[in-house]
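Here is a short report on one protein chain. Look over the sequence and the model before reading on.

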Amino acid sequence: MPLFVVKADFGGSDDKGEEIIGEINPDYKPWASSLIEELPSETESLLFALQAAIGAGVIGYVLGYFKGERKNADR
């Protein structure tokens with residue numbers, strides 16, 4: 001419901017961090033840069049979904065492993 005009621009610009013944390021650093025120290029120059037500067041939005045979405053799928057797979061495997069270990073320990 002709040003997403004429909006509040007009309008706000010939901011930006012990423014990277015943008016907010018850059019804004020705050022610019023306010024604190026306007027002369028700041030980044031000491032590192034991205035390996036890949038700009039990706040198309042479809043590629044970013046794909047990488048994000050892939051990261052989420054891998055994370056969910058790891059968490060599911062670990063939970064299943066411990067559940068199986070507990071079930072085998074009860075025997």
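Does Leu50 count as buried, partly exposed or exposed? Leu50 counts as partly exposed, because its relative accessibility is 46%. Buried means under 20% relative accessible area, exposed means over 50%, and partly exposed lies in between (1.4 Å probe, protein chains only).

## Basis of the model

This is a predicted model: local features need pLDDT of at least 70, side-chain atom pairs count only at pLDDT 80 or more, and totals for chains, interfaces and linings use all residues. Residues are numbered from 1 along each chain as its sequence is written, and side-chain values use heavy atoms, with hydrogens and water left out.

## Overall fold

The protein chain has three helices and zero strands. Along the sequence the pattern reads α-α-α. Helices (H or I, at least four residues) and strands (E, at least two) are DSSP runs, numbered from the N terminus.

Of the 75 residues in the protein chain, 0% are buried. The chain exposes about 7600 Å². Carbon and sulfur atoms supply 62% of that area. Accessible areas come from the Shrake-Rupley method with a 1.4 Å probe; for residues, only the protein chains shown count as cover.

## Nonpolar patch

Leu50 sits in helix H3, which spans residues 41–73. Leu50 also belongs to a nonpolar surface patch with Leu47, Ile54, Val58, Tyr61, Val62, Tyr65 and Phe66. Together these residues have about 820 Å² of accessible area.

Patches are made of residues with over 30% relative accessible area and no salt bridge; like charges are joined within 9 Å, and nonpolar side chains (Val, Leu, Ile, Met, Phe, Trp, Tyr) within 5 Å. A salt bridge is a side-chain nitrogen of Lys or Arg within 4 Å of a carboxyl oxygen of Asp or Glu.

## Aromatic cluster

The whole structure holds two aromatic pairs. Tyr61 and Tyr65 are stacked, because their ring centres lie 6.3 Å apart with planes at 25°. Rings of Phe, Tyr and Trp (its six-membered ring) pair if their centres lie within 6.5 Å; planes under 30 degrees apart count as stacked, over 60 as edge-to-face and the rest as tilted.

Both tyrosines, Tyr61 and Tyr65, lie in helix H3, four residues apart, about one turn of the helix. Tyr61 is exposed at 59% relative accessibility. Tyr65 is partly exposed at 43%. Tyr65 and Phe66 form an edge-to-face pair, because their centres are 5.7 Å apart and their planes at 70°. Phe66 is exposed at 54%. Ring pairs link Tyr61, Tyr65 and Phe66 into a cluster.

## Negative patch

Asp15, Glu18, Glu19 and Glu23 gather in a surface patch of negative charge. Lys and Arg count as positive and Asp and Glu as negative; His and the chain ends are not counted. The place of a charge is taken as NZ of Lys, CZ of Arg, CG of Asp or CD of Glu. Glu18 is found in helix H2 (residues 13–24). Glu18 is exposed, with a relative accessible area of 60%.
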